[in-house]
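Biologist: I would like to go through this model one question at a time. Please end each answer on the value or name I ask for.

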Amino acid sequence: MAEIKTEYYRQEARKALKNKVLHAALAGLQERLGKGAAAAYRALPEGPGLRYEAHKMRMQAIDHLDILLETLADRICKNGGQVFFADTGEDAVEYCLKVARRHQVKRVVKGKSMVTEEIGLNESFEKAGIETVEADLGEYIIQLADEHPSHIIAPAIHKTRKEIGELFARKLGIPFTDDPPTLTQAARKALREKFLSADMGISGCNLACAETGHITTVSNEGNIRMASTLPRVHIAVMGMERVTARLMDHDILFRLLARGAAAQNMATYVSYIGGPRRPGQADGPDEFHLVILDNGRTRILADPEFREILGCIRCAACLNVCPVYAKIGGHAYGFAYSGPIGTVITPLLTGINRARDLCQGETLCGACREACPVDIDLPRMILALRAKLAEGDPAWGVTPAGRMEKGMMTTWSKIISSREYYDRSLKIARLGQKLLPIKNGMIRHLPPPFNGWTQSRDLKPLAAKSFNELWQKKYR
Amino acid sequence: MTAPKPITLFIPCLVDTFFPEVGEAVVRIFQRMGISLSYPSDQTCCGQPAYNSGYRNEALIAATRFIDIFENAETIVCPSGSCVHMVRHHYLELFRNENSYLKRAEKIGAKTFELTEYLVDILQVTDLGAEFNGRITYHDSCHLRYGLEISEQPRRLIEKVHGCRLVEMDESGRCCGFGGSFAVKYPEISTAMLEDKIKSIITLGAGTVVGGDMGCLMNISGMLNRRRQPIEVLHIAQLLASRQPSAKAEGLGFKGPRGQVTEPDKPFLEPLPPGILESFGDVNNQTKVFAPTCRSFGAGR
C-alpha cells in the first residue's frame, strides 16, 4: 500500500492555496478539459444521455462481478495468460516481485497506472533492487522529481516548464531549456533506451472484458503499448471492478472515457491484450500475467451505499470541474486518488476517520456528478461518508465525531422542533449579536467556532423581525 | 387555463431570520398575481444543515416535522434551491428505511417547487411587470443548477424585467465556496473559491448580482462588503417584486459601503472593439477577452 497522508489535508491544502502557479495550471486544465468534456458529451451521436446507459452497464457488471471475474480469469488462462487474485496491495506487489525474480528482472518499464500507485509498487520494486521506470511523460517527470502524481491523468500538472527544465538538466544531463518539444524529445530518447533494455513491463488496465478474455488499455503517448509488447514479460494490474461483460460495452465506455478524460473522441492508442505472444505473432511478451486486485473493494461491494463507486472508470473528469480541487491541487488528498473521486474512494480504501477532512472539505456543489461519464452520484456518497463520521459505524470501523459538534446538533434539533423554542432562541441570538462589533450595518468578527466566516467576509446581522413576525403583523 | 392553486409558503430559516425582506418580496409577487397565500407559522427548518453535516437522526426530526406541517398543502413554493433540493431529493434518502414516511415524502417532494421554477414552468409566466434599472448578472447556485437543473427559468424571468440588462459572468455555474458549514470549517479554501467568483463579478462591471439561494448570496455579499465593492446583491424574488427603477427606493437588498447603492450604468471595463477577439488566438469566452485588459486593474488572474 502506498503511504497514506489523508490526515494532512488541511496543511497541504493551505500550502497549495498560496501556490498561484498551481492555480493557473489547474485553471487552464479545467478550462480546456472540463469545459471540453461537457461539449464532447453534448456532441455524442447518441446524445449526452449515453452516460446514463453507461451507468446501467457499469452497475450491471458490478452486480455480477463474481461471475464476470471468474469468466475473465478462465479465458485469460485459456489464452495462455496467468491470473492472480490479490487480496491486498501487499499480495499484489509480492506476486509481481516473485515473477520478476523468477525471470531475473533488472529493469521494469511501466505504463501509466493509478492502481500501481495505490499499492505502492514502484517503492517496493526499488527496494528489491529492481530499476522501475515510469514511461508516461508526466509520470516520468514525477518519478525523476521523487514526487507523487497530483492528477489522475495529468500527473505533473503542478510543475512548471522551468521546473521540468531544471529537473531534466540535473537528472538527464541535458542543457537547460524550458521548451516543451525539446524536453519531450529528451525524455523520449532516455525512455527509448529503457524500453529496449527492459526485462519486464507493468501496466494497469482500463477495462477488462469477460466475454473475450482480454484487457484494454488506452494512452495518448503509446507508453502502455511499448511497455506491454517490448519486454519479455508483461504484468497487468487491475482493480477487480474494472471488468465488463461484453466487448460491445467497451465501445461505449471508451468513447465516454476519452471524452471525460481529455475531451477526445477516442484515445490515441487503444490496446487489446489477451495473453502472451502466440506462435506466428510478431509482437508481444513471452509471458502475460493479470493481477486482479481487491485491496478493500469487496468491502465496498458489500455496502449498498457505496457500491456505486466501483462503477468509476478513473477518467478524472470530476477533477477537471471540481472547484475545490482547482484550489488545493491533488497532493492535499493524501493518496493516489485525488479530487471528488479521491474524496469518496480514498476513505473507503484507507480508513474513513483519518480521511475526515476529505469528506468534509467539499461544498457538495454537484459539478462532479454532471461531469462524470458514467453518472456516478459522488455527492450522495460524500454525504453518506459524513453520516458515518457523525454517527460512527462499527462495520467500517468509524468512531463518531467529537462531542462538541454532536452537542451543537442536538441543541439545534431541539430548537427547530418547536416554533416556540425557535423564536426564543432567535431572541437570545439577537441580544447576543449586540455584543459583536458592527460596522456599516455588518458584523465584522464572529466568535469561535464561527470565526472562519469573518476571516474574509462580513455578515449581515439577524433581522429585527423574522418573516414569521412580519407575516403575523402585515400579511395574515 | 384553470385558476392557479393556492400556495403554501415554505420560507427557509435563513430567509426567516436574516433576510425576511426576501420572504416579503415573494408575498408581494404572488399577491399581485392574485394568488391566495398561506404560511404555516409553526414551520422552522427543513433539516438541511444537519443532513449535510451527516447528522441524519437530527435531520429526521426536522424532516418529519416538515412533512407533518406541509402535508395538506396543495402547492408548496420556496425561494431557495437548496431547501427544495433537500425536500425533493434528500428526504427520499433520509426516509429510505421508514416506509410510511417515505411515501409521504415522495408526495411532498412532488408538490414542492422553487420560486422561479414555479413561476415559469407551472404558472408559465415570465413577465411579472417588474422594473429595475441597471446591469444585472445572475449567479447559478449549485443546488439550483446541479440539484434541480434550474438555470433557464431565472434567466427568462430576469430578461423580462423592464429596464435591466442581463449580462453573463464567466462561469456563473461555478460554486461560490459557500457549502454551508464548509465556509466556516474550511475558511481558507472557501475564501479562495469566493475570490474567483467575486473577480468574475467585478470584471463584468455589473451593478447587481442576483441569485436564488440566500446562502450563496450571503457569502458573495459578505466579501463584496468586506472589500467595499459597491455592488448590490439581490435575491431574485426582490428583483421580481421591484416596481421601482431603483432598488434603493424600495429599500431592498444590501447597501454598498457607507450605505449608498451604486449602480454604474457603464461597465468598469469598456467592451472591446470588434475583431480584437481573434487577435488573442483561440478565445471563445468573455474572461479571456477581459483578462489582458484587466491585468492593469490588478484584477486579472
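**Domains, interface, helix and sheet**

Modeller: Chain B is divided into domain 1 (7–121) and domain 2 (126–259). Bear in mind that this is a predicted model.

Biologist: How many Å separate the centres of domain 1 and domain 2 of chain B?

Modeller: The two domains touch: 27 residues of domain 1 of chain B are in contact with 25 residues of domain 2 of chain B. Taken over C-alpha atoms, the separation of the centres of these two domains is 22 Å.

Biologist: Which helices of chain B each supply at least two residues of the side of domain 1 that touches domain 2, and how do the residues of that side divide?

Modeller: On the side of domain 1 of chain B that touches domain 2 of chain B, at least two residues each come from helix 1, helix 2, helix 3, helix 5 (81–94) and helix 7 (115–122) of chain B. The residues of that side divide into 14 nonpolar, eight polar and five charged.

Biologist: How many residues of chain B are in contact with chain A, and what is their make-up by class?

Modeller: Contact between the chains involves 55 residues of chain B and 55 residues of chain A. Among the elements of chain B that each supply at least two residues of its side are helix 4 (56–70), helix 11 (187–204) and helix 12 (214–226). By class, that side of chain B has 28 nonpolar, 14 polar and 13 charged residues.

Biologist: Why does the end-to-end distance of helix 12 of chain A agree with its number of residues?

Modeller: Helix 12 of chain A (residues 247–262) has 16 residues, and at 1.5 Å a residue it should span 22 Å. Its end C-alpha atoms are 23 Å apart, so the two values agree. The distance asked about is therefore 23 Å.

Biologist: Where do the buried residues of helix 12 of chain A pack, and which residue just after this helix takes a positive phi?

Modeller: The buried residues of helix 12 of chain A include A:Asp249, A:His250, A:Leu253 and A:Arg255. The buried residues of this helix pack against helix 2 (20–42), helix 3 (50–63), strand 5 (207–209), strand 6 (214–219), strand 8 (243–244) and helix 17 (367–371) of chain A. Just after the helix, a positive phi of about 55 degrees is taken by A:Ala263.

Methods:
Residues are numbered from 1 along each chain as its sequence is written. Chains are lettered from A and ligands numbered from 1 in the order in which they are written. This is a predicted model: local features need pLDDT of at least 70, side-chain atom pairs count only at pLDDT 80 or more; totals for chains, interfaces and linings use all residues. Two residues are in contact if their C-beta atoms, placed from the backbone, lie within 7 Å. Helices (H or I, at least four residues) and strands (E, at least two) are DSSP runs, numbered from the N terminus. Ala, Val, Leu, Ile, Met, Phe, Trp, Tyr, Cys and Pro count as nonpolar, Asp, Glu, Lys and Arg as charged, and the others, Gly among them, as polar. The expected span of a helix is 1.5 Å times one less than its number of residues. A residue is buried if 20 or more other C-beta atoms lie within 10 Å of its own, exposed if 12 or fewer, and partly exposed in between; C-beta atoms are placed from the backbone. Domain bounds come from an automatic or database domain assignment.
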